[in-house]
Amino acid sequence: MVSGVQLQVQDKHVVMDNGILQVTLSNPEGIVTGIQFQGIDNLLEVRNAEYNRGYWDLVWSKPGKKATNFTVIVENEEQVEVSFTRLWNSSLEGQVVPLNIDKRFIMLHGSSGFYTYAIFEHLGEWPAFNIDNIRMAFKLNKDKFHFMSIADNRQRLMPLPDDRLPGRGQVLAYPEAVLLVNPVEPEFKGEVDDKYLYSCKSQDIRVHGWICADPPVGFWQITPSIESRSAGPLKQYLASHVGPTSLALFHSVHYSGADLILRFGHSEPWKKVFGPIFIYLNSLSNEDDPLLLWEDAKQQMIFEVQSWPYDFPASKDFPQSDQRGTLHGRLLVEDRYINMDYIAANGAYVGLAPPGNAGSWQRECKGYQFWARANADGYFYIDHIRTGNYSLYAFVPGFIGDYKYDFNITIIEGSYIDIGDLVYKPPRNGPTLWEIGIPDRYAAEFYVPDPDPKYINKLYVNHTDRYRQYGLWERYAELYPNEDLIYIVNQGDYRKDWFFAQVTRKKDNQTYEGTTWQIKFELDNVNESAVYKLRLALASAHVSVLQVRINDPSTEPPLFSTGQIGKENTIARHGIYGLYWLFNVDVPGALFVKGNNNTIYLTQALSGSPFRGVMYDYIRLEGPPLPPCNSSNNT
């Protein structure tokens, strides 16, 4: 039995062992090649080459992520920390990503797992480059790990990777989506497998992983903080999927596209720490319910979150608790057309991110972000903030738009800032004449059809995430075979009558055309000399041009056009939101008519693909401004 933590340094491998588990890393590359636990020689896929088992990964224009130097940072009975580095110089230009890379692994005495983090640095005078994805990936033993769990209501037995191969699987509209036609296990026949069916919000990716039934063993990735992930708490990332694969993603362009490519200019200095994350292993006796492993992993996740920031990483680039700061305050909403008094921003997301414009946090990917939810009274508390300069941002479910505090905020070591009461004035010009949807940045409240019975994932049958099914975009033309969607205000129910995405229409010759949706409504009075305001909040857009016309579908040019927006691919990837877009359209009153003969035409003009289109979050038509004394209770 091992006493304390031991480190064995061999010619081609480094082994960390604390008597509970043993982790083998390639030397000097820093690839996790083996994890021994509870009598299983290797939890990782031994059929894979050593470099394809457990690794930090950068997706950029050329290969080359391996380290070239190994260093022992800490070695004692309580802790081992090792470092695998690769330093960049001009002789490597064009061959490997121009970053200094430092991959760290930590094992603690008595801990049923290990920690890993990475430090990437780009120095001055170095060339420009782009990064699409930053992740830590594990490929598990496919003979052992068959049950995946990413949430209490998102867990299931999974197909084998073999089921996706030709002869057993049929590739659908894109390579990731495969219909299982002859799987090894017949129970999966007729299902669609696609890794994007299992994507998650960043704020929800705290623990996920896999269960082996014999012996009962769990492999879990625990992320105690999302501070180093890009693009804020709602950004969608991959987690676990068929492989069995377990991912810790810190940056990706999924559900955002080119807007979130990590771009570095020539001579642009940058350094960032990703993680640490905790790889947690647990086990049970053969008599116990294997799902208890998931319950135990959730408890371990709570412990890790409460322990953040960790006090044991040795890098000076990872600040401990006393080197960070705290900010708290209260957020109120002022909308005199709803209430003459301030409204507590119940459930608001309030965060610190690098300085930018209101809403820029959702496209920010170079710095750190720190977020909290406001309570029912609007109070928020953000702790463990790294030192630096930030803007304070917020958005409030139930209200459109984004808030940004007027001044930048500087966090220093040990700072405790009471910022007081903040007031967000969401976009508003006049009283609500009508509205469609809920302003929450999602399209989930709209009508999501049942999937084609030929393309079902059983997990999402009768599930709250019913939009996570393949091929829902094809259902639009089936529901509206002869004309596009027409929605009648005060008669229609957006939960049943507003399709969740304005997609292209599939034609008989297998081509696609743009679509025009109509909103019909009545106006009791029209002020022809006034300006009305149409608010169009989008939950996502993919290679789309959204045009607005009033009462004449042939008007050229349209009253308003977004121009081409979005490369989020949310429709294909079974999401219900991507990036948030808000467009405020001035509508001259002279374009409207008194009575019920008013129609707003919304045209998504681009065609050519089934995946082009927009998802709406919320639409509102506002009348002309009212005198201040008449503003309240005119929602």
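Predicted model: local features only at pLDDT ≥ 70, side-chain atom pairs only at ≥ 80, totals over all residues.
Local features are reported only where pLDDT is at least 70 and side-chain atom pairs only at pLDDT 80 or more, while totals for chains, interfaces and linings use all residues. Residues are numbered from 1 along each chain as its sequence is written, and side-chain values use heavy atoms, with hydrogens and water left out.

The domain assignment of the protein gives domain 1 (6-146 + 205-307), domain 2 (324-424) and domain 3 (432-622); such bounds come from an automatic or database domain assignment. Between the C-alpha centres of domain 1 and domain 3 the distance is 41 Å. Eight residues from domain 1 and twelve residues from domain 3 take part in the contact, where contact means heavy atoms within 4.5 Å. About 870 Å² is buried between domain 1 and domain 3, with carbon and sulfur atoms giving 54% of this area. Buried area here is the accessible area (1.4 Å probe) that two parts lose on being put together, summed over both. On the domain 1 side, Leu 234, Gln 236 and Tyr 255 lose the most area to domain 3, and together they account for 64% of what that side buries.

Arg 468 lies in the loop between strand E34 (432-437) and helix H2 (475-479); helices (H or I, at least four residues) and strands (E, at least two) are DSSP runs, numbered from the N terminus. Because its relative accessibility is 5%, Arg 468 counts as buried (buried means under 20% relative accessible area, exposed over 50%, partly exposed in between, with a 1.4 Å probe and protein chains only). Its side chain makes a polar contact of 3.3 Å with that of Ser 199. A polar contact is a pair of N or O atoms within 3.5 Å; within protein, one must be able to donate a hydrogen and the other to accept it, and residues adjacent in sequence count only if both atoms are side-chain atoms. Tyr 196 is 272 residues from Arg 468 along the chain, yet their C-alpha atoms are separated by 8.5 Å.

Turning to the rings, the structure holds 49 aromatic pairs. Rings of Phe, Tyr and Trp (its six-membered ring) pair if their centres lie within 6.5 Å; planes under 30 degrees apart count as stacked, over 60 as edge-to-face and the rest as tilted. The centres of Tyr 115 and Tyr 310 are 5.1 Å apart and their planes stand at 75°, so this pair is edge-to-face. It joins distant parts of the chain, 195 residues apart: Tyr 115 belongs to strand E9 (residues 113-122), and Tyr 310 to the loop between helix H1 (292-306) and strand E25 (325-333). Both Tyr 115 and Tyr 310 are buried. Trp 308 and Phe 318 form another edge-to-face pair, at 5.3 Å centre to centre and 80° between the planes. Trp 308 is buried, at 6% relative accessible area, and Phe 318 is buried at 2% relative accessibility. Elsewhere, ring pairs link a cluster that includes Phe 446, Tyr 476, Trp 498 and Tyr 616.
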